[in-house]
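Here is a short tour for anyone who likes to see how a fold is put together. Have the viewer open and follow along.

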Amino acid sequence: MEGNLVITEKTKGELNPERQRPIVGQKRRTALILPILCLVCLLAGCSSTKLADVFEEEQVKAAAQTVVDNLIAGAYEADTAMMSQAMQEAISAETLAANMEMMNEKTGAFREYKSMAVVGQKSAQGEDMAVAVIVAAYEKGNVTYTVSFNKDMEVEGLWMK
C-alpha cells in the first residue's frame with residue numbers, strides 16, 4: 001500500500017499551508033484582554049468626580065446621615081423638610097413611610113452604619129451636586145442609601161437599595 005495517502009485532521013493542516021493556524025495561547029490572550037477592556041471602559045464611565053468647592057465633605061456626610069437617621073427613626077416629616085421644593089412635590093412623608101415599611105419587612109432592624117462616601121456630580125442642568133452613599137447593616141442584610149444635595153444643601157435625590 002505504498003503510495004496511498006491517508007488524510008487525517010493532523011495532516012489536513014500540513015497539506016494546506018495557506019490555512020492559518022491559531023497561535024498557541026491566542027485564545028487565552030483574547031479571553032483575558034476582552035474582560036480587561038470592558039473593565040477599563042466601565043471604570044472610566046463610573047469614575048467619581050471631585051466634590052465642588054461649594055460643599056464641605058463633613059457637612060455633606062452629617063446631612064446625609066441625618067436623612068438616614070430620620071428614615072430609621074420614622075421622622076419622615078423632618079426629611080421632607082430637608083428636601084428641595086421639587087422633591088417635596090414629588091415625594092411625601094407618607095410615601096417615605098410606605099417605602100421604609102416595605103424595606104423594613106425585608107431587612108429587619110437597623111444595626112449599624114458600615115460605610116459612607118461623598119462624591120461630586122453635575123445635575124442634568126449642569127449644576128454642582130454632592131452625593132453621599134451610605135451603607136447600613138440591618139438584621140437580614142445591607143441597605144445602600146444614596147442622598148443627593150444641591151448647593152443649598154437641600155435633598156435633591158433619595159434612593160434606597
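Leu96 is found in helix H6 of what is a predicted model. At 1% relative accessibility, below the 20% cut-off, Leu96 counts as buried. Its contacts beyond four places in sequence are Leu71, Tyr76, Asp79, Thr80, Met83, Ile91 and Leu158.

Ser84 belongs to the loop that links helix H4 (76–81) and helix H5 (85–90). With 4% relative accessibility, Ser84 also falls under the 20% limit and so counts as buried. Once neighbours within four places in sequence are set aside, Ser84 is in contact with Asn150, Glu154, Val155 and Glu156.

| Residue | Location | Relative accessibility |
|---|---|---|
| Leu96 | helix H6 | 1% |
| Ser84 | loop between H4 and H5 | 4% |

Now to the sheet. Its 4 strands form an open sheet in the order E1-E2-E3-E4, with antiparallel pairing. Strand E1 (110–122) and strand E4 (155–160) are the edge strands; each has a single partner strand, so one side of each has no neighbour in the sheet. From one strand to the next, the twist averages 15°. Strand E3 (residues 141–149) and E4 run antiparallel and are joined by 5 bridges. Within that pairing, Phe149 has Val155 in E4 as its bridge partner.

Which helices pack on this sheet? Helix H3 (residues 57–73) does, touching E1, strand E2 (128–138), E3 and E4, and its direction makes about 135° with that of E1. Helix H6 (residues 93–107) packs on the sheet too, where it touches E2, E3 and E4; its direction makes about 155° with that of E3.

What about the nonpolar side chains? In soluble globular proteins, such side chains tend to be buried together. Here the largest nonpolar core has 30 residues, and those with the most contacts inside it are Val60, Tyr145, Phe149, Val155 and Leu158. H3, H6, E2, E3 and E4 are the elements that give two or more residues to this core, and H3 gives the most, with 6 residues. For a closer look, pick Tyr145: leaving out residues up to four places away in sequence, Tyr145 touches residues including Val68, Leu71, Ile72, Met100, Met103, Trp159 and Met160.

How values were computed. Residues numbered from 1 in each chain as written. Predicted model: local features only at pLDDT ≥ 70, side-chain atom pairs only at ≥ 80, totals over all residues. Heavy atoms only, no water. Pairing = 2+ DSSP bridges. Axes fitted to C-alpha atoms, helices over the stretch in contact; angles between N-to-C directions. Contact = heavy atoms within 4.5 Å. Buried < 20%, exposed > 50% of the residue type's maximum accessible area, 1.4 Å probe, protein only. Core = buried A, V, L, I, M, F, W, Y, C linked by side-chain atoms within 4.5 Å.
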